[in-house]
Amino acid sequence: MHAFIAGLPKAELHVHHVGSASPRIVAELAARHPDSKVPTDPEALVDYFTFTDFAHFIDVYLSVVDLIRTPEDVRLLTYEVARDLARQQVRYAELTITPFSSTRRGIDELAFMDAIEDARKAAEAEFGTVLRWCFDIPGEAGLEAAEETTRLATDDRIRPEGLVSFGLGGPEIGVPRPQFKPYFDRAIAAGLRSVPHAGETTGPQTVWDALTHLRAERIGHGTSSAQDEKLLAHLAEHRIALEVCPTSNIATRAVRTLDEHPIKEFVKAGVLVTINSDDPPMFGTDLDNEYAVAARLLDLDERGLAALAGNAVDASFLDEAGKARIKDEIETYTAGWLAP
Ligand SMILES: O=C(O)c1cccc(C(=O)CC[C@H]2O[C@@H](n3cnc4c(=O)[nH]cnc43)[C@H](O)[C@@H]2O)c1
Ligand SMILES: [Zn+2]
């Protein structure tokens, strides 16, 4: 099954830019910026990336954000993330980027956009992996962060060509979703799709809030949706996909064990489930491993895995021709694999 997954063409819809920095890149950036508390030794990073809870995870995450100080750091990170995705046969990825965290740390906004766009174009030309951006508001940083993120995402002189969606990340406790409605309204009016995190560390009401107030088209995590049958039925009826990230939920202690993960309930309720890696090196995983985890939890064979890969393509913001191309590739690969 591992060999099948390794060659399966895939789409990744929920993966964070800084959270995708490989141990090698984190160590390289830490060595460039020796005043940081982040270890320069990739092996010491395994301990550093062991989290006591979600708040601890965000603290560590922000210490890695602090390593990204120049447009060249941004370009290097983005290009290397694309290389890791391409290695896993990811044909298309929507990468969540938090531009506020970089601009408030002094990176010039236009230089930041140039760096990600330059890496995006190089990745497509060299690896064949198509990257698109989701700009997310770090909710805990408040309405100032919401305003700045919305400005960067909607000003035609600044917003990058690859931007397709608008998100909301960070802690949920004490950060009610409805306050972000005006910002999501502006982003949606500017043509962006709504993909907030919700129900990762709080209950199903946060998912309802994301649907009602932020007009979410997909939900980041949505784990606690399993506690509300009506919500599951609503997600299924309206084809609102969940971006499920099983290993992340264990690493941040949002869910106790993989066997207690509600992914099975989602599938049983007819919800469109997509499999994603969130912050792969920080959680000691990658997208291939998340598919292997899903295969075990859902008892899937090759056809089941191919269907799961197809869900991510269906739920993506690719155009119809792009979707058809990757779905054909998935079908051809699977048929070839299963042929006697
Ligand atoms: O950058 C700042 O100065 C800042 C100030 C206050 C709060 C924040 C944040 O909360 C940043 C959170 C950061 O975390 C990213 N992220 C990565 N993985 C996840 C996840 O599984 N769930 C929620 N957020 C996640 C998110 O994209 C934000 O960039 C920052
Ligand atoms: Zn996330």
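The model is predicted. Ligand 1 sits in the largest pocket, and 22 residues stand around ligand 1. The strands treated here belong to an open sheet of five strands and an open sheet of four strands.

**Ligand 1: polar contacts and cover**

- D136 has a polar side-chain atom 2.6 Å from an oxygen atom of ligand 1.
- For R105, a polar side-chain atom lies 3.0 Å from an oxygen atom of the ligand.
- The side chain of H221 has an N or O atom 3.4 Å from an oxygen atom of ligand 1.
- On its own, ligand 1 has 620 Å² of accessible area, and the protein covers 95% of that area.

**Ligand 1: the shell**

- The residues that come nearest to ligand 1 are T98, S101, R104, D136 and D279; D136 is also the residue with the 2.6 Å approach given above.
- By class, the shell holds eight nonpolar, seven polar and seven charged residues.
- At least two shell residues come from α4 (54-65), and at least two from β3 (130-138).
- With five residues, α4 gives the most to the shell.

**Five-stranded sheet**

- The strand order is β1-β2-β3-β4-β5, the sheet is open, and the pairing is parallel.
- At the edges are β1 (10-16) and β5 (193-194), each of which pairs on one side only.
- β3, which supplies residues to the ligand shell, is joined to β4 (residues 163-169) by six bridges, and these two strands run parallel.
- F135 has F166 in β4 as its bridge partner.

**Four-stranded sheet**

- This open sheet has the order β6-β7-β8-β9, again with parallel pairing.
- β6 (197-198) and β9 (273-275) are its edge strands; each has a single partner strand, so one side of each is left without a neighbour in the sheet.
- Between β7 (residues 218-221) and β8 (residues 241-244) there are three bridges, and the two strands run parallel.
- The bridge partner of R218 in β8 is A241.
- Residue 221 falls within the range of β7, and H221 is one of the residues with a side-chain N or O atom listed above for ligand 1.

Note on methods:
Residues are numbered from 1 along each chain as its sequence is written. Chains are lettered from A and ligands numbered from 1 in the order in which they are written. This is a predicted model: local features need pLDDT of at least 70, side-chain atom pairs count only at pLDDT 80 or more; totals for chains, interfaces and linings use all residues. Side-chain values use heavy atoms; hydrogens and water are left out. A residue is near a molecule or strand if one of its heavy atoms lies within 4 Å of it. A polar contact is a pair of N or O atoms within 3.5 Å; within protein, one must be able to donate a hydrogen and the other to accept it, and residues adjacent in sequence count only if both atoms are side-chain atoms. Accessible areas come from the Shrake-Rupley method with a 1.4 Å probe; for residues, only the protein chains shown count as cover. On a 1 Å grid over the protein atoms alone, a cavity is a set of points where a 1.4 Å probe fits but cannot get out, and a pocket is an open set with protein on both sides within 12 Å along at least five of seven lines; lining residues have an atom within 4 Å of a point. A molecule sits in a cavity or pocket if more than half of its atoms lie within 2 Å of its grid points. Ala, Val, Leu, Ile, Met, Phe, Trp, Tyr, Cys and Pro count as nonpolar, Asp, Glu, Lys and Arg as charged, and the others, Gly among them, as polar. Two strands pair if DSSP finds at least two bridges between them.
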